[in-house]
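Hi everyone, thanks for making time.

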Amino acid sequence: MSRPGTGTLWFFSVLLSVHILAFVILKLSKDREWVLFLISVILFAGILFAGFYCYYKLGYKELWLNIDVACMAMIFFSVGYICKKNINVFQKIVSIKHIKTAVLFIILLIINITVGLVNYKLSNKFVDMWGNIYGNPLLMLTSAFCGIFAVVIFFKFNCNQTTCLFC
């Protein structure tokens with residue numbers, strides 16, 4: 001799916017929309033992260049079902065500020081927000097022992113690749129947030145979160161503060 005003339009600028013409007021949505025949800029819920037996660041799941045499911053209707057029944061309609069893509073991205077933002085709030089739990093997991101952490105990294109990476117390939121084989125489409133193409137949403141989320149946690153573990157395991165600026 002192509003939107004001529006926008007290039008990668010769609011990503012900035014999605015980031016803006018996600019931050020505005022998260023700010024409003026967190027202010028209204030008095031900074032309760034479980035409410036942010038619950039509303040993110042509802043938005044994810046709602047946009048997923050509405051997307052099927054809009055794209056297959058009405059033809060492609062681009063929403064203002066890519067709010068449809070932002071609602072899909074809210075699930076990732078809310079999980080990241082919850083993980084950041086509870087960072088000590090993840091630091092305990094990563095700092096267990098190097099061998100156990102390496103095994104966890106390899107398992108997550110294998111799950112990421114395998115589930116991503118299964119999603120592609122079943123839907124015959126690559127995941128593309130810009131084009132609202134996700135294949136099987138459950139497989140997409142499983143693959144995405146396994147990949148995200150594998151990357152986080154890799155950088156926490158292989159970097160210290162003096163060698164890696166982003167860790």
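Before I give you any numbers, one term: when I say a residue is buried, I mean that its relative accessible area is under 20%, and exposed means over 50%. With that in hand, and remembering that this is a predicted model, here's the overall picture. The protein chain has 167 residues, and 31% of them count as buried.

Okay, let's zoom in on helix 1, residues 10–28. Which residues are buried in helix 1? They are W10, S13, V14, S17, V18, A22, I25 and L26. A general point that helps when reading a list like that: an α-helix has 3.6 residues a turn, so residues three or four places apart point the same way. After helix 1 comes K30, with a positive phi near 60°.

Next, helix 3, which runs over residues 67–85. Helix 3 has 19 residues and reaches 25 Å from its first C-alpha to its last, close to the expected 27 Å. It also has a kink of about 35°, centred on A73. And A73 is one of the buried residues of helix 3, along with others including D68, M72, I75, F76 and C83.

So how do these two helices meet? Helix 1 and helix 3 pack at an angle of about 60°, and their axes are 8 Å apart. That angle makes helix 1 oblique to helix 3. The crossing is right-handed. On the helix 1 side, the contact is made by W10, V14, S17, V18, H19, L21, A22, I25 and L26. Helix 3 contributes I67, V69, A70, C71, A73, M74, F77 and Y81. Notice that A73, where the kink is centred, is among the contact residues too.

Last stop: N124, in the loop between helix 5 (98–123) and helix 6 (137–158). N124 is not a glycine, yet it has a positive phi of about 60°. Is N124 buried or exposed? Its relative accessibility is 58%, so N124 counts as exposed.

Key
Residues numbered from 1 in each chain as written. Predicted model: local features only at pLDDT ≥ 70, side-chain atom pairs only at ≥ 80, totals over all residues. Heavy atoms only, no water. Helix = DSSP H or I, 4+ residues; strand = E, 2+ residues; numbered from the N terminus. Expected span 1.5 Å × (residues − 1). Bend = angle between axes of the 7 residues up to and from the residue. Buried < 20%, exposed > 50% of the residue type's maximum accessible area, 1.4 Å probe, protein only. Axes fitted to C-alpha atoms, helices over the stretch in contact; angles between N-to-C directions. Parallel < 35°, antiparallel > 145°, perpendicular 65-115°, else oblique. Left-handed = near helix turned anticlockwise from the far one by under 90°. Contact = heavy atoms within 4.5 Å.
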